[in-house]
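I set out to look up the fold, the salt bridges and the aromatic contacts of this protein. The entries below record what I found.

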Amino acid sequence: MNAAFSASGVFKKRKQAEIEAQVAEAANPEPSPKTGLDLVVAWSIIGTFIIFASGVIYTMESILMPVTLAIVIGMVLGLAADRLAKFGVPPALGGLFLAIVFVIGLFFLINALIDPLTSLVGQAPGILERAIERVLPLIQRFDWAKNAIAGTDEKAVTDVAIQNAGAMLGLVASGVTPAFIQTMIFMAALGLFLVGRGHLRKTIILAFATRERRLAAIRIMNATENAVGFYFSTASIIYIVLGLITMAIAFLGGLTVAPLWGLFAFVSSFIPYLGVTIMTVALLCAGMMTHDALLLALAPAAAFFLLHLVMENLITPAILGHRLEINPFLIFLAIIFWTWMWGAVGAMLALPLSLIAMTIFNEVRTQPPERQLPG
């Protein structure tokens with residue numbers, strides 16, 4: 001009798017366990033495996049979002065470009081403001097001070113470049129005419145080029161080039177006003193970003209509900225700022241040395257306005273691949289317009305190219321190491337995309353934006369180690 005009651009109790013417990021398991025499965029159903037159609041729909045949504053976002057970025061260039069540039073530079077200056085905080089300077093005050101110093105330095109730089117650039121623009125038609133006179137005989141040494149320009153009047157080519165040079169200068173002049181407005185937006189965004197940087201970080205962190213997500217947000221923001229700051233500070237020192245050596249190369253090579261060449265070398269070095277190409281071609285053209293001897297004409301461009309090659313392949317990797325290593329093909333695609341979007345400024349922002357995206361991706365992908373209880 002007792003055995004019968006015992007068997008009946010075991011049966012009831014087993015039945016109750018089965019019912020509870022069925023209820024749990026109904027409350028938390030296992031996700032069904034995704035089909036090919038589900039993947040197509042998901043990727044279609046992602047592609048549509050990318051196209052829409054690209055259109056918004058392209059359309060709002062006049063606003064997004066200076067604001068993005070201000071945020072990137074503000075991240076670097078913000079780290080410097082944090083260093084000043086160790087000496088008792090409030091971060092907001094230190095950031096505002098650094099922003100003012102940066103803007104004043106930028107104005108002094110532009111003021112120093114006005115005279116040589118104005119002189120260069122005034123001499124542009126004559127420089128272009130001399131360049132064509134020097135380049136055409138060299139091109140005509142090749143049979144295929146001689147056949148391509150056969151029957152072309154050299155003077156007619158020169159006249160057309162000079163006329164187009166005037167149109168190009170007018171196009172550049174017409175872009176001065178939008179550039180001035182964007183400069184004002186940039187300076188205002190930079191100052192406000194540095195003043196409110198601490199409050200903005202706090203707002204972003206508190207926007208997440210759980211403690212784990214807040215810690216992840218702090219970790220991502222710190223990693224992003226450190227990566228961008230480390231890149232700009234280290235690259236700036238390297239490229240300043242490159243600019244000084246380029247200035248010496250231009251001076252020894254007999255090129256006019258040697259400090260301007262050094263400045264262009266410094267700025268263009270922040271644009272991977274494209275910057276060194278433009279600088280090498282510019283030095284080659286300047287050398288050919290300055291010297292009649294072919295070797296002397298090629299010397300400045302060849303010296304700069306070899307110098308940049310050594311710095312980018314030996315010195316820069318030795319200093320930066322693998323900390324900022326990004327796939328060269330992805331950098332190339334980023335340069336093409338951002339140059340198409342925002343022109344020269346987009347080309348300069350391509351690498352920092354890629355670095356920010358890579359840092360965020362690595363931080364999101366890498367899970368923090370689980371906390372172990374003591375003992």
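The entries run from the whole chain to single residues.

**Entry 1. Overall.** I note first that this is a predicted model. Of the 375 residues, 29% count as buried. I looked up the contacts with a separation of 6 or more, and found that residues 24 or more positions apart account for 72% of them. The accessible surface comes to about 24,400 Å², with 72% of that area belonging to carbon and sulfur atoms.

**Entry 2. Helix α9.** Which residues of helix α9 are buried? I find Arg 197, Arg 201 and Ile 205 buried in this helix, which spans residues 197–206. Seen down the axis of α9, the buried residues fall within an arc of 70°, so they line one face of the helix. An α-helix has 3.6 residues a turn, so residues three or four places apart point the same way. On the face turned away from the buried side of α9, I noted the exposed residues His 199, Lys 202 and Leu 206.

**Entry 3. Salt bridges.** I counted 4 salt bridges. I then asked which residues are linked in a network of salt bridges. The network is made of Asp 82, Arg 197, Arg 201 and Glu 225, and I took its pairs in turn.

Arg 197 forms a salt bridge with Asp 82, with the closest N and O atoms 2.8 Å apart. Arg 197 lies in helix α9 and Asp 82 in helix α3 (residues 61–85), so the pair ties together parts that are 115 residues apart in sequence. Arg 197 is buried, at a relative accessible area of 8%, whereas Asp 82 is partly exposed, at 27%.

The side chain of Arg 197 also meets that of Glu 225 in a salt bridge, at 3.1 Å from N to O. This pair links helix α9 with helix α10 across 28 residues of sequence. Both Arg 197 and Glu 225 are buried.

Glu 225 and Arg 201 meet in a further salt bridge, at 3.6 Å from N to O. Here helix α10 is linked with helix α9 between residues 24 apart. Arg 201 counts as buried, at 18% relative accessibility.

**Entry 4. Glu 225.** I placed Glu 225 in helix α10, residues 211–252. Its relative accessible area is 9%; because buried means under 20%, Glu 225 counts as buried. Leaving aside neighbours within four places in sequence, I found Glu 225 in contact with Met 75, Leu 79, Arg 197 and Arg 201.

**Entry 5. Aromatic residues.** The structure holds 9 aromatic pairs. I looked up the pair of Phe 337 and Trp 338, which is edge-to-face, with 5.1 Å centre to centre and 80° between the planes. Phe 337 is partly exposed, at 28% relative accessible area, and Trp 338 is buried, at 15%.

**Entry 6. Surface patch.** I recorded a nonpolar patch on the surface, formed by Tyr 273, Phe 329, Leu 330, Phe 332, Leu 333 and Ile 336, with about 610 Å² of accessible area together. Phe 329 is found in helix α14, residues 328–365, and counts as exposed at 52% relative accessibility.

**Entry 7. Thr 277.** I located Thr 277 in helix α12, residues 274–290. Thr 277 is partly exposed, with a relative accessible area of 44%. Thr 277 and Phe 305 are 28 residues apart in sequence, and their C-alpha atoms are 8.5 Å apart in space.

Conventions. Residues are numbered from 1 along each chain as its sequence is written. Side-chain values use heavy atoms; hydrogens and water are left out. Helices (H or I, at least four residues) and strands (E, at least two) are DSSP runs, numbered from the N terminus. Buried means under 20% relative accessible area, exposed over 50%, partly exposed in between (1.4 Å probe, protein chains only). Contact means heavy atoms within 4.5 Å. Accessible areas come from the Shrake-Rupley method with a 1.4 Å probe; for residues, only the protein chains shown count as cover. The arc is that of the directions from the helix axis to the C-beta atoms. Rings of Phe, Tyr and Trp (its six-membered ring) pair if their centres lie within 6.5 Å; planes under 30 degrees apart count as stacked, over 60 as edge-to-face and the rest as tilted. Patches are made of residues with over 30% relative accessible area and no salt bridge: like charges are joined within 9 Å, nonpolar side chains (Val, Leu, Ile, Met, Phe, Trp, Tyr) within 5 Å.
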